[in-house]
Amino acid sequence: MKHIAKNMIPYWRSVIVILLLLFVQAYCDLSLPMFTSRIIDTGIVGGGVEHVVPHKVTPEEFEQAQILMSEEEQTLWSSLYTEKDGLYELAEKDETVLNDADEKLLVSAVLNYQMGRMEESAFREYLMQMVGANPLMKLFASGLEDKSLEELGDMIHMEIPYVQEEDQEGNLKTFVNIRPLIASVKEMGVVDSSAMDEGKATMETMMEQIGSQTLKSMGVQYAIACDRAAGMDTHKIQMSYLWKTGGQMLLMTLVLTIAAIAISFFASRVGAGIGRDLRMKVFGNVMGFSNAEMSRFSSASLITRATNDVQQIQFVSTMMLRMVLYAPIMGIGGVIRVAQTGANMGWIIILAVTVLVSFVLVLVAIAMPKFKIMQQMVDGVNLVSREILTGLAVIRAFGREKTEEERFDKANTDLKNTQLFTNRVMTFMMPGMTVIMNIIVILIVWTAAKRIDAGTLQVGTMTAFITYTMQIVISFLMLTAMSIMLPRAGVAADRIHEVISTKQTIADPENPKALEAPKGVVRFNHVNFRYEGAEEDVLHDLDFVAEPGKVTAIIGGTGSGKSTLVNLIPRFYDVTGGSITIDGVDVREIGLKTLRDQIGFVPQKGVLFSGSIAYNLRFGKADASEEEIREAAEIAQALDFIEEKNEKFESYISQGGRNVSGGQKQRLAIARAIAKDPKVFVFDDSFSALDMKTDAKLRKALEEKVKGRTEIIVAQRISTILHADQILVLDEGRIVGKGTHEELLKNCDVYLQIAASQLSAKELGLDPAEMKKENSQGSDGKEA
């Protein structure tokens with residue numbers, strides 16, 4: 001995790017931008033359920049009216065409304081309106097003031113709604129309550145139940161306003177506006193104020209018991225009734241609110257979409273940038289690795305780290321910026337929004353998170369060990385596949401096709417069974433989560449239904465709570481998913497860090513020395529070398545000089561240290577004792593590029609790169625002319641087969657040179673070194689893939705080209721080095737012979753044994769009896 005976070009430091013500006021955009025996205029995401037709640041509760045149920053104070057009021061309603069208000073409420077009511085065109089119009093536009101007025105006038109508004117539209121049966125009960133306590137009214141109260149509203153009006157000498165409406169079932173209902181009656185009775189003094197206050201208090205208590213949300217809905221219905229009575233188009237008000245809120249919701253969605261796109265863009269750029277940086281760091285460090293560092297990491301491992309591991313880090317980095325940062329914002333924001341809804345069902349969220357996270361962790365605990373085993377099985381299938389494909393010719397030669405098929409089938413079947421197990425386990429995740437989340441929704445609806453019935457919760461609030469619950473739960477699931485991905489990415493990050501943090505043992509000196517007019521004199525001064533971690537030296541006290549214009553050949557048995565010796569010259573390894581100089585300057589004091597520019601190195605195994613033949617020949621000298629690469633190809637005896645190709649020097653070479661033969665590959669590698677025109681040529685057994693005739697022609701042509709150059713040849717064949725100016729014979733890392741071919745035949749038994757095993761006595765100019773004796777001694781020595 002530490003290494004993953006460290007990779008983001010160079011992109012801190014983009015990370016801050018992403019963080020800000022995530023807050024914008026979360027704000028929009030968390031606002032949408034609130035808009036949905038407003039559309040349902042205010043737009044649909046409330047007819048688009050947000051406050052209990054009407055927009056317009058008729059003069060009659062304006063006066064009657066104050067009958068049931070206290071003096072303080074009457075003052076507030078009057079301050080909100082101005083008279084205009086025979087109506088009272090709401091003058092106050094400040095939402096804070098209006099919200100405060102809603103709170104203070106709510107009960108009075110509901111009372112006015114109830115008293116202005118009281119059912120006839122309730123009106124008669126209320127009337128009995130008003131007059132029942134007064135002895136003077138007993139006569140009036142007798143037979144009250146049997147009298148019609150008109151008769152009651154005649155009795156009290158005033159008109160009782162009422163309306164008749166059909167309900168949903170078609171039954172005719174009568175609603176009475178009793179506020180004029182209350183005012184009239186109050187003025188006449190028939191009923192004292194204490195009785196009226198008691199009746200009002202009883203009504204207030206009854207209304208408060210039905211719940212605050214229902215009370216608010218009734219207050220809004222009063223405002224709608226007033227607006228309709230004042231001639232306002234309430235349908236237009238409702239549609240205007242729905243369009244306005246819907247537009248805000250659409251705008252919020254648009255902002256959310258833009259923010260999400262921008263976050264994905266920046267997160268992808270950061271992830272891709274991290275991937276690019278890591279690949280560059282890995283590649284850059286590996287390019288400076290000596291053979292010692294390369295021995296610590298296999299090529300396959302380095303490729304995996306630079307591709308799969310980096311890709312894993314890139315993916316997780318992008319997901320971290322999208323999910324790990326977003327989930328806490330959404331989770332905390334969702335909790336705050338839930339608290340603002342006032343639903344008081346937080347226990348359901350805690351239960352939902354606990355159950356879902358536990359469910360996911362159980363599945364992961366079952367599947368994770370199999371995931372690790374499955375990765376090992378993938379490696380096993382790859383191993384078997386590689387062995388079978390690379391050894392196909394041998395398999396066919398020994399008739400092992402059936403056996404190898406069974407071997408592959410076993411590895412493949414084991415992998416299939418493990419994959420089936422993990423897939424079957426993980427298939428429970430989505431259905432299980434869906435079932436749990438649906439049960440949670442049912443639980444919320446069941447719990448909320450009771451509160452909606454009690455009037456303490458609205459339908460829109462319940463809808464918003466369900467959405468917020470899902471958002472909070474999904475936030476925790478995101479974190480759970482990332483907690484599963486992060487350990488795997490952490491391993492990949494550690495593997496990459498291991499490569500990047502590996503120090504190069506072969507590095508440029510702090511103050512490199514220049515080679516003034518380089519000649520190419522290579523001197524080994526009592527050189528010793530030991531591989532890292534080895535207990536013994538593999539090269540011992542090597543002391544010789546390779547001079548310009550001369551050929552220095554190195555020969556010896558397998559494992560004698562020939563390739564190790566020449567690898568010390570371009571500093572693929574550094575000596576552990578003594579020194580190597582070029583023109584008197586220690587190679588460790590020369591810049592690596594300067595040193596290697598003077599050397600034309602042809603490795604034991606010819607390596608070509610994908611591209612044209614010309615591209616490969618210019619590998620060491622990018623500005624080499626057509627004539628120069630053509631001459632190099634001619635010297636290396638490669639011109640003939642190049643000219644036979646349709647595109648000549650522009651012919652394509654596939655990766656690793658798979659579309660040319662071993663001899664052609666080796667000749668192109670030699671031509672590449674010749675085209676570089678260095679001061680020192682190093683051929684590490686580079687002629688082994690050539691036939692005798694081509695070998696002889698190449699060396700003859702090379703002799704003309706490299707005049708004045710230092711030439712060091714590692715060879716297995718005596719015929720390749722017969723005419724060398726100096727031959728070094730290596731045996732177990734020591735020089736056991738030094739001289740020309742003729743000199744070594746006389747004074748070096750090891751060289752004589754090698755020569756006798758390859759050439760006849762006549763070819764060597766030796767007595768056959770002497771040759772037989774030497775061969776016998778060599779055989780005895782081997783048996784011993």
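These legends describe close-up views of a predicted model. Local features need pLDDT of at least 70, side-chain atom pairs count only at pLDDT 80 or more, and totals for chains, interfaces and linings use all residues. Residues are numbered from 1 along each chain as its sequence is written, and side-chain values use heavy atoms, with hydrogens and water left out.

**View A. Helix 26, residues 662-676.** Helices (H or I, at least four residues) and strands (E, at least two) are DSSP runs, numbered from the N terminus. Buried means under 20% relative accessible area, exposed over 50%, and partly exposed in between (1.4 Å probe, protein chains only).

**View B. The aromatic pair of Phe-62 and Tyr-88.** Rings of Phe, Tyr and Trp (its six-membered ring) pair if their centres lie within 6.5 Å; planes under 30 degrees apart count as stacked, over 60 as edge-to-face and the rest as tilted. Phe-62 and Tyr-88 are stacked, at 3.8 Å centre to centre with 5 degrees between the planes. Phe-62 lies in helix 3 (residues 59-65) and Tyr-88 in strand 3 (residues 87-90), 26 residues apart. Phe-62 counts as buried at 5% relative accessibility, and Tyr-88 counts as buried at 15%.

**View C. The aromatic pair of Phe-524 and Phe-544.** The ring centres are 4.5 Å apart and the planes are at 15 degrees, so this pair is stacked. Phe-524 belongs to strand 7 (residues 522-529) and Phe-544 to strand 8 (residues 539-546). Both Phe-524 and Phe-544 are buried.

Note on methods: The expected span of a helix is 1.5 Å times one less than its number of residues.
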